[in-house]
Amino acid sequence: MTTSVNKGDDKNRVVIFDTTLRDGEQCPGASMTFEEKIEVAELLDEMGVDIIEAGFPIASEGDFHSVSEIAKRSKNAVIAGLSRAAPKDIDRCAEAVKHARRPRIHTFLSTSPVHMKWKLQKEPHEVFEMVVAQVTRARNHVDNVEWSAEDGTRTEIDFLCRCVEAAIKAGATTINIPDTVGYTTPSEYAQLFRTVRERVPNSDKAVFSVHCHNDLGMAVANSLAGVRAGARQVECTINGIGERAGNAALEEIVMAIRTRADVFPYATGIDATMLTRASRVVANATSFPVQYNKAIVGRNAFAHESGIHQDGMLKHTQTYEIMTPESVGVSKTSLVMGKHSGRNAFRTKLEELGYKLADNQLEDVFSRFKDLADRKKHVYDEDIEALVDQNLATAHDRIKLVSLTVIAGTRGPQRATMKLDIDGRQAMDEVDGNGPVDATFNAIKAMVPHEATLELYQVHAVTEGTDAQAEVSVRLSAEGRSVTGRGSDPDTLVASAKAYLIALNKLMARGQSIHAQHAAE
Ligand code: KIV
Ligand code: ZN
């Protein structure tokens, strides 16, 4: 097995290690189904991500299965699995990645005083021995081994250097020093890399890697500072999703390097025109909306609202634009869609928006678009995006909404009459509630009994106007797992029912005890 990605032929080549499917998926509510993970992995591979961290194989059968399937399907990217120091973790990880054309084991261990004392309950000398043992074991399985010093930025420098040296000696080809708790600052992180690289005698034998969390909003700045100090691998996620405040956002790292080549004279292998599509696919799969003002991929990232800015843009785009929308895959669209638009125009519009749909999906979305155009005067790009996103999110669902009628108003009780398609069979019920949303959700519970708790219910308008589509987010949790569903429709209650069902389907896909079968009988 070669480690060509690790070594990097060009000293200015920065390797992009995407951990959307591992660190990203780990954040509450962001979990993805097997099919969604495969879709995300295929897209990452296609867009030029060098290493895809596909999951944490020991965590569950589901994680193992998806890592192993991603490994089998990978075309170019190195496929990494995460493992702790325990031998059974490492062996399981090796088993999961073994079919990849280029497998990697990423094994980690905490090295900071606070983690060693409270989390591991081990003395530093024991941790040191575990580092050697874990890397040695991983190297017995594959040539490409990454070792991470968890909580590296709060680790005593002498101990960190000793562990790094030992890990490289034992065969680690990449050394990652994570800012696990998002605590460091750019100058401090850069100094850390300079010190470790200078003091560790065999540091030239490994690639150094940054991995930053965004608790203080500095994940991207810290990552880039680490690169300037010699790191050549950046661990990041699409849309910056991840534990707590998230990880460094891949799209921000890539575009900072491209746009400020004067400060960051490096190259990545990423096709930046796929960034917007990747952002959408991940937002859909996780049902985590992208904040409007998110750098690079937010809805407003290239919008110019004020008169002064619009005037400047009309005179010369560079007055207010440091990168073009096209460079990240947002095309300047000219097609306005309405109820008279045909299939071809619709297909072209979808392509402009970055979607490539199979013919059967296109047919389905087109007929939904026609329905919407009948109900809504102006169909904006955002409406079409919401429509397609929802279609993609529900493609594998077992429970689907067929119809909903709600009686609401001042004279209660509010009542929902709902018809569901459950595994191809129809079920219907009529249920009261304390308000129309409550009645709607009660109707679902009556037909699909479950114990999941509603953690979040949020509504916002996709566009302006009273006929705007409502976009509803629903987060459900069951047996320690939480998932989010996002549904849209001009009717807020229909959007609410769709969002709830998407979340419920996700829980079912994860094997939670939801009795859809029973309800259909
Ligand atoms: O944040 C972290 O320390 C991690 C490690 C497992 C690399 O995610
Ligand atoms: Zn992390």
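This is a predicted model: local features need pLDDT of at least 70, side-chain atom pairs count only at pLDDT 80 or more; totals for chains, interfaces and linings use all residues.
User: Is the pair of Tyr189 and Phe193 stacked, tilted or edge-to-face?
Analyst: Tyr189 and Phe193 sit four residues apart in helix H9 (residues 186–199), so about one helical turn separates them. Helices (H or I, at least four residues) and strands (E, at least two) are DSSP runs, numbered from the N terminus. The ring centres of Tyr189 and Phe193 are 4.9 Å apart with 90° between the planes, and the pair is edge-to-face.

User: Is Tyr189 buried or exposed?
Analyst: Buried means under 20% relative accessible area, exposed over 50%, and partly exposed in between (1.4 Å probe, protein chains only). Because its relative accessibility is 0%, Tyr189 counts as buried.

User: Which residues form one aromatic cluster?
Analyst: Phe366 and Phe369 form a tilted aromatic pair, 6.1 Å centre to centre with 35° between the planes. Both lie in helix H15 (residues 359–375), three residues apart, about one turn of the helix. Both Phe366 and Phe369 are buried. The members of the cluster are Phe346, Phe366 and Phe369.

User: How far is Arg92 from the ring centre of Phe64?
Analyst: A charge sits over a ring if NZ of Lys or CZ of Arg is within 6 Å of the ring centre and within 35 degrees of the ring normal. One example is the charged end of Arg162, over the ring of Phe128 at 4.6 Å from its centre. Arg92 lies over the face of Phe64, and its distance from the ring centre is 3.7 Å.

User: Is the crossing of H17 and H18 left-handed or right-handed?
Analyst: Helix H17 (residues 436–447) and helix H18 (residues 492–509) pack with their axes 10 Å apart, at an angle of about 40°. Axes are lines fitted to C-alpha atoms, for helices over the stretch in contact, and angles run from 0 to 180 degrees between N-to-C directions. A crossing is left-handed if the near helix is turned anticlockwise from the far one by less than a right angle, and right-handed if clockwise. The crossing of H17 and H18 is right-handed.

User: Which residues does Ser279 touch, not counting residues up to four places away in sequence?
Analyst: Ser279 has its place in helix H12 (residues 275–286). Its relative accessibility is 3%, so Ser279 counts as buried. Contact means heavy atoms within 4.5 Å. Leaving out residues up to four places away in sequence, Ser279 touches Ile238, Asn239, Val290 and Val297.

User: What is omega near for the peptide bond from Gly412 to Pro413?
Analyst: Pro413 is found in the loop between strand S9 (399–407) and strand S10 (414–422). The peptide bond from Gly412 to Pro413 is cis, with omega near -5°.

User: What is phi of Ile296 near?
Analyst: Ile296 is found in the loop between H12 and helix H13 (307–315). Ile296 is buried, because its relative accessible area is 8%. Its phi is positive in a residue other than glycine, with a value near 70°.

User: How far apart in space are His125 and Phe159, C-alpha to C-alpha?
Analyst: His125 has its place in helix H7 (residues 124–141). With 52% relative accessibility, His125 counts as exposed. His125 and Phe159 are 34 residues apart in sequence, and their C-alpha to C-alpha distance is 9.6 Å.

Definitions and conventions:
Residues are numbered from 1 along each chain as its sequence is written. Chains are lettered from A and ligands numbered from 1 in the order in which they are written. Side-chain values use heavy atoms; hydrogens and water are left out. Rings of Phe, Tyr and Trp (its six-membered ring) pair if their centres lie within 6.5 Å; planes under 30 degrees apart count as stacked, over 60 as edge-to-face and the rest as tilted.
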